[in-house]
Amino acid sequence: MGLFNFLNRDIGVDLGTANTLVFVKGKGVTVREPSVVAIDENTGQVLAVGNKAKMMIGRTPGNIKAIRPLKDGVIADFDITQTMLKHLISSSISSSFLLRPRVIVGVPSGVTDVERRAVEEAAYAAGAKEVYILEEPMAAAIGSGLPVDEPRGSMIVDIGGGTTDIAVISLGGIVTSVSLRVGGDKMDESIIQYAKRNFNLLIGERTAEEVKIKIGCAYMTREDNELGNVEIKGRDLMTGLPKTIAFSTREIMNALEEPVHAIVNGVRTTLENAPPELSADIIESGIVLTGGGALLKGLDILLSEETGIKVIVSENPLECVALGTGISVEHIEKMKKKGYANKKY
Ligand SMILES: Nc1ncnc2c1ncn2[C@@H]1O[C@H](COP(=O)(O)OP(=O)(O)OP(=O)(O)O)[C@@H](O)[C@H]1O
Ligand SMILES: [Mg+2]
């Protein structure tokens, strides 16, 4: 068994709008990179993938383009997604892989068949022997350690860069779910719009994300009031010159109101659609938050106030989906029987 396992290192992939993670059986998460590819437009040559490429967003000269091939949780640019997956998967396969791996890829629950096939094709092109697709909320729930196989309702809310997947799971299946095209990217956009509207200040995507991570919040407690201001540098839309403005946490909270409320409403609707027995289970066990957006300060408190149900942020929100695909890789045979994973032959 040992040798066979060594030869047969299967992998799980969280192909996210913001980040792509690779989980290698027996090794854990080996790749965590932003889903960004930098290419030279003149030659079509790939210059960088992941972190290095992300650094280039908004900073490239004319002929170089830093591209995020996934948008709103789906593949917007197939060729670049394929290049990125190939690069990230092959960098984790390395020479220790003697056989081509089986690959499980986590995709948002709202993807169409065409998008699903595009993901499969990309994984085959990256060197997979067999490809299985697992819906992200199920992967996130498995990765968060929820009892997905039991006849008990669990609720998972996965807030990623492009999408928020909200699902009620019981007996290994998704009972009711919704996939909102709202997530961290929309929050960044809201901060950009806020700065433009209120201060005539034009800021970039990366700056907006940094501000959100630093002082963003969804619900203010007394201490948050004292978090202080953060200085944001951008361009004055009136004079065209660089300008610095100080923003407070309260201002950023106001800026984030729209996307945050879309998430709260999505959770409410999903709770309303859950069968009563499962609602009773969820009241007992609580709502579990995962994805990078789960780290937004006070979001757990706000959701709990708005629903009256306790909210738990999972232990490692940025890695739950990858972990879930990785755990599932170990049980491919069982998953096939249960019909969780679809395989293309
Ligand atoms: N501390 C933080 N506070 C708020 N947002 C955060 C924090 N840390 C990361 N994020 C946001 O989380 C998002 C990335 O989360 P994640 O890696 O789960 O997304 P993804 O899986 O790539 O996207 P998707 O699931 O939509 O395809 C980014 O928008 C990032 O700005
Ligand atoms: Mg995700």
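Me: How many residues surround ligand 1, and which are the closest?
Reply: A residue counts as near a molecule if its C-beta atom, placed from the backbone, lies within 6 Å of it. Here 23 residues surround ligand 1, and Gly16, Ala18, Gly160, Gly184 and Gly292 are the closest. Please keep in mind that this is a predicted model, where local features need pLDDT of at least 70, side-chain atom pairs count only at pLDDT 80 or more, and totals for chains, interfaces and linings use all residues. Residues are numbered from 1 along each chain as its sequence is written, while chains are lettered from A and ligands numbered from 1 in the order in which they are written.

Me: Which helix gives the most to the shell around ligand 1?
Reply: Helices (H or I, at least four residues) and strands (E, at least two) are DSSP runs, numbered from the N terminus. H7 gives the most, with 3 residues, and H6 and H7 each supply at least two.

Me: How many residues does H6 have, and how far does it reach?
Reply: H6 spans residues 184-199, 16 residues in total, and reaches 22 Å from its first C-alpha to its last, close to the expected 22 Å (1.5 Å times one less than its number of residues).

Me: Which residues of H6 are buried?
Reply: Buried means 20 or more other C-beta atoms within 10 Å of a residue's own, exposed 12 or fewer, and partly exposed in between, with C-beta atoms placed from the backbone. In H6 the buried residues include Gly184, Asp185, Lys186, Ile191 and Tyr194.

Me: Where is Asn200, and what is its phi?
Reply: Asn200 is in the loop between H6 and S14. Its phi is positive, about 55°, although it is not a glycine. With 15 C-beta neighbours inside 10 Å, Asn200 counts as partly exposed.

Me: Where is Leu171, and is it buried or exposed?
Reply: Leu171 sits in the loop between strand S12 (164-170) and strand S13 (173-180). Leu171 is exposed, with 12 other C-beta atoms within 10 Å. Its phi is positive too, about 50°.

Me: In what order do the strands of the open sheet lie?
Reply: Two strands pair if DSSP finds at least two bridges between them. Three strands form the open sheet, in the order S14-S15-S16, with antiparallel pairing. S14 and strand S16 (242-248) stand at the edges with a single partner strand each, so one side of each is left without a neighbour in the sheet. S15 and S16 are joined by 7 bridges, and Asn229 stands opposite Ser248 in S16.
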